[in-house]
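Please open the structure in your viewer and keep the selection panel at hand. The stops below go from one selection to the next.

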Amino acid sequence: MTWIEQLKQQQPILWKNPHVEQVPQTFLLDDHLIDEAEARLERFAPYFEVAFPETKPTKGIIESPITVLTDQTLLKRDDILPVSGSIKARGGIHEVLLLAEQVARAEQLLTDEDYRQFATIRIQKALARHTIIVGSTGNLGLSIGIMSKKLGFQVVVHMSHDAKQWKKDMLRAHGAEVVEHAGDYSVAVRTGRLQAETEPLHHFIDDENSQALFAGYAVAARRLKQQLPTAPTVQNPLIVYVPCGVGGGPGGVIYGLKQQFGAAVKCCMVEPTASPCMLLGMATGKHDQISVQDIGLTNETIADGLAVGRASQFVGRLMEPLLDGILTVTDDMLRNYVRNVWQREQIFLEPSATAGFAGLDMLRERYPTAQHLVWATGGGLVPTAEKCQYFA
Ligand SMILES: *Cc1c(COP(=O)(O)O)cnc(C)c1O
């Protein structure tokens with residue numbers, strides 16, 4: 001059976017990327033974007049210590065630890081990233097900070113280089129004239145909503161129909177305006193984009209096409225080097241499994257990892273069998289010009305964070321020389337992973353965040369001398385009542 005038949009039948013598969021460069025040479029993004037993102041997050045660190053005291057232990061840097069599961073398997077804990085408990089606390093927050101900085105410079109709000117001024121009423125009032133708009137399946141909206149409100153911005157989040165009720169409730173409790181859509185993620189993003197078009201004080205964060213988001217995610221990889229128990233080599237590589245929705249989060253992380261470790265890291269994305277938009281885009285070479293609905297799939301999955309039917313406009317192209325493969329995973333597999341991590345580690349991950357375990361299951365034995373890193377992408381803010389449904 002061809003891969004496309006298997007996709008249509010929603011079988012879990014491993015697609016190997018034929019264009020991957022064994023020794024990666026082709027980095028298509030301008031390097032200074034990631035340098036700037038890293039520097040920006042450092043400039044804002046003193047502000048974070050004030051605005052989000054939970055970042056004090058890391059001196060205002062939003063970073064997550066690694067949990068060692070076994071000798072050779074590691075779990076990257078983006079579920080406990082400060083502020084919003086998901087990988088979106090990297091890219092999403094970075095882009096909000098970029099906008100805050102741009103407005104502050106344009107309106108000469110900063111009296112010196114002390115970014116703790118962003119915690120003052122004076123700057124918050126000035127930022128309140130501006131509105132940030134975003135379309136989301138949930139977690140990006142949460143990150144951007146919480147961060148934007150803290151800085152004083154108005155914020156409108158367009159949510160797809162699969163977004164969880166508690167995510168909408170939490171956002172509203174933070175003072176964000178939530179617009180609910182009957183359509184999926186693509187509809188939510190498109191509506192947000194249109195809303196921002198005509199208003200000069202409206203800023204749209206475009207999850208389908210934002211390099212600022214991507215660069216924010218990529219910073220994670222630079223910091224990983226100090227966290228690994230042993231340095232990866234070509235003989236004993238690091239194999240990384242990252243859940244994929246529109247592609248920005250995993251794409252940014254993988255881009256950064258390949259820059260750091262070159263041929264000593266192998267990278268896989270994992271998508272739900274109902275929403276394999278990145279696999280479909282890369283394997284056909286059509287990228288954002290094809291959707292999972294075009295091949296008869298529903299884009300209905302319990303992995304709400306990955307329920308994206310059409311891939312990013314640019315990430316697939318950047319990934320072509322860098323990504324080793326993409327796996328797909330069924331909802332039943334995700335439910336099992338949620339239960340298993342909880343039973344073994346007392347770590348609660350939302351279904352989307354566990355997708356990386358499918359990669360581990362498939363490739364652990366094939367690469368016995370490698371270190372395997374499962375990127376756990378979220379779950380930190382899930383209310384207890386919500387968690388219980390997975391253990392009924
Ligand atoms: C958004 C999200 C991802 C994937 O990120 P994309 O940028 O959409 O590919 C993975 N896991 C969780 C929990 C997410 O919220």
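Contact here means heavy atoms within 4.5 Å, and helices (H or I, at least four residues) and strands (E, at least two) are DSSP runs numbered from the N terminus. The model is a predicted one, in which local features need pLDDT of at least 70 and side-chain atom pairs count only at pLDDT 80 or more, while totals for chains, interfaces and linings use all residues. Residues are numbered from 1 along each chain as its sequence is written, and side-chain values use heavy atoms, with hydrogens and water left out.

Begin with the ligand, which 14 residues surround, the closest being Lys88, Asn139, Gly247, Gly249 and Thr377; a residue is counted as near when one of its heavy atoms lies within 4 Å. A polar side-chain atom of lysine 88 lies 2.7 Å from an oxygen atom of the ligand, a polar side-chain atom of asparagine 139 lies 2.7 Å from a ligand oxygen atom, and a polar backbone atom of glycine 245 is 2.7 Å from an oxygen atom of the ligand.

Now select lysine 88, which is placed in helix H4 (residues 88-106). Leaving aside neighbours within four places in sequence, lysine 88 is in contact with Ile93, Asn139, Leu140, Ser143 and Tyr217.

The side chain of threonine 111 makes a polar contact with that of glutamine 117 at 2.8 Å.

Then select helix H7 (residues 165-173), whose buried residues are Trp166, Lys167, Lys168 and Leu171. Covering these buried residues are, among others, helix H6 (139-151), strand E5 (154-159), strand E6 (177-180) and helix H15 (384-388). After H7 comes glycine 175, with a positive phi near 95°.

Finish with methionine 319, which, not counting residues up to four places away in sequence, touches Asn17, Phe214, Gly251, Ile254, Tyr255, Met269 and Met282.

Definitions and conventions: Buried means under 20% relative accessible area, exposed over 50%, partly exposed in between (1.4 Å probe, protein chains only). A polar contact is a pair of N or O atoms within 3.5 Å; within protein, one must be able to donate a hydrogen and the other to accept it, and residues adjacent in sequence count only if both atoms are side-chain atoms.
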